[in-house]
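Please look at the points below with the structure open beside you.

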Amino acid sequence: MKPGYKAIYERYRQNIQAGILKPGDKVPAIRVLALELGVARKTVEAAYAILTGEGYLVSQGAQGTRVNPDLLIKHRPADPIEPGDATLGALVDIRDKSGELRLGIPSLDAFPYKKWLLLAGKSVRSMRPSDMVNPPVMGYAPLREAIASYVNISRGLNCTAEQIFITSGYRNTLTLILETLAARTDKVVFEDPGYYFGKTLLRRSVDHLHYIPVDERGMDVDYFLRYHRDARFVIVTPSHHSPLAVTLSLPRKHQLLEWARETDGWIIEDDYDGEFHYTRKVLPALKSLDAHDRVIYTGTFSKTIMPALRISYIVMPKSTLSAFKETGEITENGQPVMTQKILTAFLAEGHFYRHLKKMRALYQARRQMMLDALSQVYPHDFHSEMHDGGMHIVAFLNKGTQDRELAEIWQRHHLRVSPLSDWYSLSPKRYGLIIGYTNIRSTEDAVALLQRPQQETQTLLA
């Protein structure tokens, strides 16, 4: 139904009183608004005349009509906002606010911008009418082929392009898997400590969520088999545990695979930064050992290229292809084709492999810079445990449990570190700071950053 002049008048008055339209804001010309709303010009003229007469609008001739710049409105106090999860809010701030030592952010100074922009330009110039329709739900076919080739060569998998499902990130990936294969009554187990946002998502979507302790050899599979053998899903980061960076040992990998074979359980392998290994001993993905197709492998380009890309993927077991396709058609919209085309070229032309090789060497050097700086600035307060790769270190407290208070101090100095204890759900917990190092450029740079909160840190830990 087309609005009458009273409806238009009320709409504008309410927006002005609510502060949505502010003094001095320009409003559409009568002709433009009439066309937009599909009404006669006289209808809009009548509404504007009343608003002008009441002092809400003023006509400024050639400059158009505006909300009266001299208007004084006392806004009604906003309804109180229910308090949310304080820890979640703090971690969102760490993730989204600018600052140093952020987690999961690849090197921003060493990215091949010129090459990426060149590929982006080619993709835009080659755009065709067929690119303007709905994107393929399961992903752009050439990208699925390129990803299948990549994981088969670099991560030891044996899959086809048909098994690749392109998603928009970790949470989309996890939700899609559970929507496709899980029932509300299924038991799901998650590592402890474990990725905080994953844990929070699961708490909202899974009725029977349980946690498995992690030690120096990864998830404690003996504990899992003793107490949660009846689980339907196990979610694990076997290459580099999030956040402790330990690797799931080979005997435990085989135990987990045997459990899946015997029970028809599913293992969700999150290989979020498995590309970043710093020794000659390349660790194959858990999926590469999966002889019975019980591992659902997931990967992302957020850590290897950029988080803003929002492209991740699932390697679906062959028996689940129809189920994933059906769920996808109901719940997914598909990812933007243009972005997928750029990424396809980046992979297919070999730029991605060269970039990874460069980043492995760079990150290994920068990790050592951070460790050296930590030892120099805080020689008695922290210790770190060396592992084969990753994009962050954990600075464990030598004494005390005040990692939350410590993280708050560092964050006030724009150091976006995370308290380790927040990533735990079980006891006992370990305490420390999770520190990203991928964007420091020298030991001196790292020292300067760590010295910002030095006095407050040492006062707290004294």
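**Notes on a serine and a strand**

1. Ser-239 is buried: its relative accessible area is 5%, and the cut-off for buried is under 20%. Keep in mind that this is a predicted model.

2. Where in the chain is Ser-239 found? Ser-239 sits in a loop, with β7 (233-236) on one side and α10 (250-263) on the other.

3. Which residues does Ser-239 touch? Leaving out residues up to four places away in sequence, Ser-239 is in contact with Arg-155, Val-246, Thr-247, Glu-269, Asp-271, Gly-274 and Leu-283. With Asp-271 there is also a polar contact, side chain to side chain, at 3.1 Å.

4. Glu-269, one of the residues touched by Ser-239, has Tyr-297 in β9 as its bridge partner. Strand β8 (residues 266-270) pairs with β9 in the parallel sense, over 4 bridges.

5. Strand β9 (residues 295-300) is largely enclosed by the rest of the structure, because 6 of its 6 residues are buried. In a regular strand, side chains alternate between the two faces of the sheet. In β9 both faces are covered. Val-295, Tyr-297 and Gly-299 are buried on one side, and Ile-296, Thr-298 and Thr-300 are buried on the other.

6. In which sense does β9 pair with strand β10 (residues 312-315), parallel or antiparallel? The pairing is antiparallel, over 4 bridges. Gly-299 has Tyr-313 in β10 as its bridge partner.

Technical notes:
Residues are numbered from 1 along each chain as its sequence is written. This is a predicted model: local features need pLDDT of at least 70, side-chain atom pairs count only at pLDDT 80 or more; totals for chains, interfaces and linings use all residues. Side-chain values use heavy atoms; hydrogens and water are left out. Helices (H or I, at least four residues) and strands (E, at least two) are DSSP runs, numbered from the N terminus. Buried means under 20% relative accessible area, exposed over 50%, partly exposed in between (1.4 Å probe, protein chains only). A polar contact is a pair of N or O atoms within 3.5 Å; within protein, one must be able to donate a hydrogen and the other to accept it, and residues adjacent in sequence count only if both atoms are side-chain atoms. Contact means heavy atoms within 4.5 Å. Two strands pair if DSSP finds at least two bridges between them.
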